[in-house]
Amino acid sequence: MTSREKVRLALDHKPGPVPVDFGSTPVTGIHVSCVAALREHFGLDRHPVRVWEPFQMLGEIEDDLSIALGADCTGVAGRGTLFGFPREGWREWRAPWGQVMLVPEGFRPRAEPAGGLHLFPQGDGAARPSGHMPAGGYFFDAIIRQEPIDEDRLDPADNCEEFTPLSADDIGHWRRVLAGARGNGRAIVGGMGGTAFGDIALIPAVGLRNPRGIRDVSEWYVSLVERRPYVHRVFSRQCEVALKNLEVFRDLAGDAIDVLVVCGTDFGTQASQFCSPETFDDLFAPYYRIINEWVHRNTSWKTFKHSCGAVRPLIGRFIDVGFDILNPVQCSATDMDPVRLKRDFGDRLVFWGGGVDTQHTLPFGTPAEVRTQVTERLRAFSPGGGFVFNTIHNIQAMTPVANIVAMVQAVRDFNGAGA
Amino acid sequence: MPLLSDLTAAVAAGKRTDTVRLTQELLAAGTSPQDVVEKGLVPGMAIVGDRFKRNEIFVPEMLVAARAMKEALKLLEPLLAAAGIKPKYTAIIGTVQGDLHDIGKNLISMMWRGANFAVIDLGTNVTAEKYLAAAKEHKANIVGLSALLTTTMPSMKETVRILKSSGLDGLKVVIGGAPITQEFANDIGADGYAADAGSAVDLAKRLVGEAA
């Protein structure tokens with residue numbers, strides 16, 4: 001059975017070996033420091049790792065590491081990074097923690113007075129910095145660049161500047177990456193971009209030189225209550241562009257893609273939700289439904305929804321608006337018990353994640369504790385299919401490699417035991 | 001003349017315009033600024049905290065209510081200062097060194113203000129030395145530390161150690177953030193942990209000896 005067949009079985013809720021994802025999306029990846037440590041552990045060719053996602057500093061998982069980790073998925077991503085510069089022109093760069101890695105040409109950080117680093121939209125050092133890695137940090141965070149808000153002049157187009165039709169360069173890029181991804185036997189997970197409605201990680205628009213509209217995180221949350229008609233107009237406009245791009249993308253990708261990453265908007269906090277079910281129904285559901293219905297009507301792709309946190313009260317709604325897959329299944333959040341999630345939603349929703357806790361067990365536990373938790377999660381989520389193993393969100397910087405290896409071995413042993 | 005309970009209801013519902021208007025009307029009718037705060041706004045924000053804890057309202061509604069309170073306080077603070085009236089308790093808050101996340105920290109800052117604490121918000125990426133200096137300068141009762149990242153939890157541990165060994169009399173150190181647990185708080189010697197902004201008010205009041 002090929003990796004792709006394993007994934008398709010799981011996505012179709014049919015029993016079989018548990019497929020595994022490491023690194024196919026920006027929310028199922030591994031920090032570049034851990035990727036380097038894993039390469040060394042497995043005795044793979046020693047060379048600087050590429051940072052394919054510079055915001056969270058995720059490392060590229062090349063074919064040899066994919067095989068070592070037992071990964072069954074390959075990710076295909078758009079041409080540009082979150083910072084708006086393309087993934088090309090790779091050169092060496094030494095990170096503050098001493099690791100030498102490969103970064104795109106547009107990745108030109110500059111030291112800031114407090115000892116951290118600033119990164120610039122589209123690699124333009126003349127623009128205001130849009131990313132900040134504090135001293136001692138391992139990731140970038142968005143710098144909020146909010147112009148004064150004139151309520152009478154708010155224009156939805158300002159909040160849609162980043163949502164544009166796929167360009168000739170984009171299309172050329174997609175042709176290349178899709179051709180490269182075919183034939184390795186793994187399932188292909190694609191993120192076209194532009195289909196995430198109100199993703200708070202994207203609202204500050206770190207890729208734009210001068211973002212306009214509502215770009216401050218708190219202002220955006222306030223807007224869900226106080227500027228709801230405006231947010232509707234933003235989503236509506238974004239949705240129009242996304243549907244046109246989906247047609248182009250469908251013609252490019254066809255059946256090569258197995259999973260479309262639709263949206264990373266977080267609806268859960270550690271203990272609750274970011275919005276009420278009524279807000280979800282009114283503000284988000286109509287647009288998700290349009291996207292998911294289009295995908296299901298026109299392709300064989302499954303749709304992937306990422307949302308951290310305690311989202312149990314919204315899971316039924318995610319299913320109703322047409323999502324096939326939920327990630328990262330944050331079992332450490334309130335009311336996210338794996339057994340109950342599987343019992344209540346497992347026949348209608350694929351759980352992609354939930355494999356091990358990256359807040360506590362994986363970074364701070366022992367290999368034995370990792371193994372125990374991974375095995376418990378596999379037992380809870382895998383019966384009858386509908387489960388793709390992944391950590392709960394990206395593996396964070398400086399996670400002990402022995403713990404990651406214990407996790408990989410636990411999955412291998414579980415599958416080897418014929419579960 | 002409007003009632004203080006009208007103001008309480010307006011701020012709890014996040015009605016900014018009504019909150020400001022009612023504050024002005026109550027002051028004009030002779031209600032003391034202290035009563036407007038303590039009997040009008042503070043009970044309103046307590047309702048917000050309770051509803052948040054019960055998942056009846058969520059982050060956007062809490063932010064909107066806090067903004068309404070903030071607008072009213074703009075009118076009230078000069079009057080309170082002129083009368084020499086200060087909140088009884090002072091809290092310092094910030095996100096620990098190496099961490100730039102502030103949504104949760106900002107919510108707690110607002111809710112502590114809403115419970116009539118003086119709040120000094122040090123922002124994000126705050127060193128242990130800055131927390132300590134601010135605690136000394138403002139004679140703080142409580143210091144609140146926030147962290148979102150697993151990689152900054154060691155920084156939180158070190159900050160708690162420095163604050164708790166500073167010898168500042170009666171200073172309580174409380175922590176919170178997505179990866180933080182009561183167990184971690186116990187391990188690193190913090191005086192308390194709160195899972196959400198509503199609970200953080202209860203915790204702060206309990207630690208300063210007020211009934212939560």
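Predicted model: local features only at pLDDT ≥ 70, side-chain atom pairs only at ≥ 80, totals over all residues.
Helix α6 covers residues 128-137 of chain B and helix α7 covers residues 153-164 of chain B; the two pack at an angle of about 35°, and their axes are 9 Å apart. If you look for the residues that meet, you will find B:A128, B:Y131, B:L132 and B:A135 on the α6(B) side, and B:E158, B:T159, B:I162 and B:L163 on the α7(B) side. Sorted by class, this contact has six nonpolar residues, one polar and one charged.

Let me move to chain A, where helix α2, residues 32-41, comes within 10 Å of helix α12, residues 401-416, axis to axis. At what angle do the axes of these two helices cross? They cross at roughly 70°, which means that α2(A) is roughly perpendicular to α12(A). The crossing of α2(A) and α12(A) is right-handed. From α2(A), the residues A:C34, A:A37, A:L38 and A:H41 meet A:V401, A:I404 and A:V405 of α12(A), and this set divides into six nonpolar residues, one polar and no charged.

Now, staying with chain B for its domains, the assignment gives domain 1 as residues 4-82 and domain 2 as residues 89-207, and their C-alpha centres lie 25 Å apart. Where the two domains touch, domain 1 of chain B puts in 12 residues and domain 2 of chain B puts in 11. On the domain 1 side, α3 (33-53) and α4 (59-82) of chain B each supply at least two residues, with α3(B) giving the largest share, nine residues. By class, that side of domain 1 has eight nonpolar residues, one polar and three charged.

Finally, we come to the place where the chains meet, with 26 residues of chain A in contact with 20 residues of chain B. Which helix of chain A gives the most to the side that touches chain B? That is helix α5, residues 217-226, with seven residues. The side of chain A as a whole divides into 13 nonpolar, 11 polar and two charged residues.

As for the confidence behind this picture, the predictor gives the complex an ipTM of 0.92 and a pTM of 0.95, while chain B averages a pLDDT of 95, with 99% of its residues scoring at least 70.

Notes: Residues numbered from 1 in each chain as written. Chains lettered and ligands numbered in written order. Axes fitted to C-alpha atoms, helices over the stretch in contact; angles between N-to-C directions. Helix = DSSP H or I, 4+ residues; strand = E, 2+ residues; numbered from the N terminus. Parallel < 35°, antiparallel > 145°, perpendicular 65-115°, else oblique. Left-handed = near helix turned anticlockwise from the far one by under 90°. Contact = placed C-beta atoms within 7 Å. Nonpolar A, V, L, I, M, F, W, Y, C, P; charged D, E, K, R; others polar. pLDDT = per-residue confidence, 0-100. Domains from an automatic or database assignment.
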